[in-house]
Amino acid sequence: MTRYIIRRLLQAIPLLFIISVVLFVMMQNMGDPLATMGGRTVTRSSERARLTRQLGLDKPIYVQYLYWLVGNDWTKIDLDGDGVPESAGRRQGILRGDFGTSLVNRGVPVVKVIGDRLVNTLLLMLTAELVIIVGALLIGIYSALHQYSVLDNAITAVTFFLYSLPVFFFALIVMYIFAVNFKRWGLPYLPTVGMFDPQVGKTPSQVAWHMVLPVATLSFGFFAAYSRYIRSAMLEALNQDYVRTAKAKGLPRPQIVYIHALKNAALPIVTVVALDLPFLLGGAVVTERIFAWPGTGRLFLDHVSRGDTPVVMGLLMMIAVAVILFQIIADVLYAWLDPRIRYK
Amino acid sequence: MESTINPSKGIGLLTPDELETPPLSLGELTWRRFRRHKMAIFGGVTLILLILYSFGGMLFFTEADANRTETGARLQSPSLAHPFGTDTIGRDILARTIYGGQISMLIGMTAMLVEVIMGVLIGAAAGFFGGRLDSLLMRITEAIIVIPQIFLLLVMAKFFGGSLPNIHVLGRTLSGSVVVIILIIGLTSWPYLARIVRAQFLSLKENDFVLAARATGTPTFEIIFRHILPNSMAPIIVAATLGVANAITAEAYISFLGLGVRPPTATWGNMLEGAYNYIESAWWLWFFPGMLIALTVLSINFLGDGLRDALDPRSRSA
């Protein structure tokens, strides 16, 4: 097992290298980070040249990548523009944990820029994931126990319909019903923008209230996939010999369903959840945009259009590493939960 | 796995020669299984109607109608003159959904083609040849999978989406961004298909018919494309069908975020761009294009589900 994990980790190194090179090259054509830097426009050309030089944007792309990867504290850089490198570089490179500083929010470390947003995103996404799992478990178990009943077929149809709805369309519909029309009808309506009402402040109840619509939007589409998965896993488990044995022993039905069947059916489900978890880090670009939720998805959107390479690269590499790690964790977890599985 | 053997009384007693009808061919069997899937039939019919809507609508509206701006008639609610209302610069939304539908469907189909060609070639090469080539191709595949598709799409849309010349196809002028969108959607969605094809090839290449083909000196190219590939068509067809739906949704997402197909070319996706700013005042801005996308995706998904059951009865889940 240890050898398996080490091999997987080693395989991840070339993978991450390919990803980072391709993304870094692509980020070079993203528009002008100087144009909107720190909210002011840099108009004078001498000023532009100075900033370009200070940020290292005048270097050829492979040098920029090298500095991003391993830092530039081992060499000297030219800050005053006389063509002679004189000042020692201070960047340490992403390999030593230095993600650099944001170009748009001048001087703020990337880790802080992302960290501030990551908290909001995780709050939103973990809540949504919880709603998805609980909801899908209820739906899936019910469907499996009442296979082909009217309600089972109805649930299948409805979840399939929701699954096919594009996220933004669902979001617009719920906004229209629960915010616009409820307001019109004088009912208590749900907020659609941001995390809290600035006049009330960031209280837990405000945040929870503002989370209702985004969480609903994020979870509706996943009910279908997850509940179908749970349904078939449960059906398979319910047809196993050990369930027949449990029935023959005269065990109470809840015990058969929730202990004998569900525990075994949960194996593949745990893996699916583990594989989906890291993608939560990226937030939901569309949902966060519609509901103006200050998370990583919107951060990405805002910074990619301004060519803020350090922030975008930091965010994407963080997601990539998390996805790879969780893939390994899912495999290990699966083998640990199901001793029949062995990895070489 | 749930084929119930339940012949009606008489037939079970007859010998095959006495049966009046000849055995069903593979195609007929598939069609029978497909027909039983009511939702798939519903999906197929809806899809045909949507195609008729987008392409038949050309008879009633010209593209100029779809792009004509009437600043005097901005944001009008649905009426007889404009059944779906008008948008922020007074264009008729009905005409735009017709021409937008053509582009959305074009993007869906062609992006799927790019996806299938890349997925099949890469998956087949990795699965058939194995070894170093396999691990190299699989690393590239994983590299694309570990970044969520929407992020890749946005980065690539921004990267390739400079000022592009307009192109002329079938008497229509399209902004060059259509090609970019098609390519980037195709380029980011092939990995899943490649994995399916690779898995198919890994198991199929061990079969005796491959050994027999080798023994008779069949060229490798033919073994791959004439012996193994036809045997793995079922999952490819299903994945391709669902790929069309994914491509249409992906286009809508990118366009919704403002990085998709540039105006004046309409797509269902870019009609939604900025529409949420008018959520309180003009619901028709987003309702009609959104509904059309949802209907298309829904019917394709139903169709794909039916095809999966019909083409590959073994994969049928519970």
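In chain A, helix α8 passes helix α9 in a right-handed crossing. That pair is a handy way into this predicted model.

**The α8/α9 pair in chain A**

- Helix α8 of chain A covers residues 241-248 and helix α9 of chain A covers residues 253-276; their axes come within 10 Å and cross at roughly 150°.
- Since angles over 145 degrees count as roughly antiparallel, α8(A) is roughly antiparallel to α9(A).
- On the α8(A) side, the touching residues are Y242(A), V243(A), A246(A) and K247(A), and they meet I256(A), H260(A) and A261(A) in α9(A).
- Sort the residues of that contact by class and you get 5 nonpolar, 1 polar and 1 charged.
- How many of the 8 residues of α8(A) are buried? The count is 0, so this helix is hardly covered, given that a residue needs 20 or more other C-beta atoms within 10 Å to be buried.
- Just after α8(A) comes G250(A), which takes a positive phi of about 80°.

**Domains of chain A**

- Where they touch, domain 1 of chain A puts in 7 residues and domain 2 of chain A puts in 6 residues.
- The side of domain 1 of chain A that faces this contact has 4 nonpolar and 3 polar residues, with no charged ones.

**Chain B at a glance**

- Chain B has 12 helices and 2 strands.
- Reading from the N terminus, its elements go α-α-α-α-α-α-β-β-α-α-α-α-α-α.
- Chain B runs to 318 residues, and 43% of them count as buried.
- Look at the contacts in chain B with a separation of 6 or more: 70% of them come from residues 24 or more positions apart.

**The α10/α12 pair in chain B**

- The axes of α10(B) and α12(B) come within 9 Å and cross at roughly 170°.
- With that angle, α10(B) is roughly antiparallel to α12(B).
- Residues of α10(B) in this contact include A234(B), I237(B), V238(B) and A252(B), while those of α12(B) include I293(B), T296(B), R308(B) and L311(B).
- By class, the contact of α10(B) with α12(B) divides into 14 nonpolar, 5 polar and 1 charged.

**G258 in chain B**

- Where is G258(B) found? G258(B) belongs to the loop between α10 and α11 (268-272) of chain B.
- With 15 other C-beta atoms within 10 Å, G258(B) counts as partly exposed.
- G258(B) and N270(B) are 12 residues apart along the chain, and their C-alpha atoms are separated by 7.3 Å.

**Where the chains meet**

- The contact between the chains draws 33 residues from chain B and 38 residues from chain A.
- Which helices of chain B each supply at least two residues of the side that touches chain A? They are α5 (131-145), α6 (149-160), α10 (233-256) and α12 (284-311).
- That side of chain B divides into 25 nonpolar, 4 polar and 4 charged residues.

Methods:
Residues are numbered from 1 along each chain as its sequence is written. Chains are lettered from A and ligands numbered from 1 in the order in which they are written. This is a predicted model: local features need pLDDT of at least 70, side-chain atom pairs count only at pLDDT 80 or more; totals for chains, interfaces and linings use all residues. Two residues are in contact if their C-beta atoms, placed from the backbone, lie within 7 Å. Ala, Val, Leu, Ile, Met, Phe, Trp, Tyr, Cys and Pro count as nonpolar, Asp, Glu, Lys and Arg as charged, and the others, Gly among them, as polar. Axes are lines fitted to C-alpha atoms, for helices over the stretch in contact, and angles run from 0 to 180 degrees between N-to-C directions. Helices (H or I, at least four residues) and strands (E, at least two) are DSSP runs, numbered from the N terminus. Angles under 35 degrees count as roughly parallel, over 145 as roughly antiparallel, 65 to 115 as roughly perpendicular and the rest as oblique. A crossing is left-handed if the near helix is turned anticlockwise from the far one by less than a right angle, and right-handed if clockwise. A residue is buried if 20 or more other C-beta atoms lie within 10 Å of its own, exposed if 12 or fewer, and partly exposed in between; C-beta atoms are placed from the backbone.
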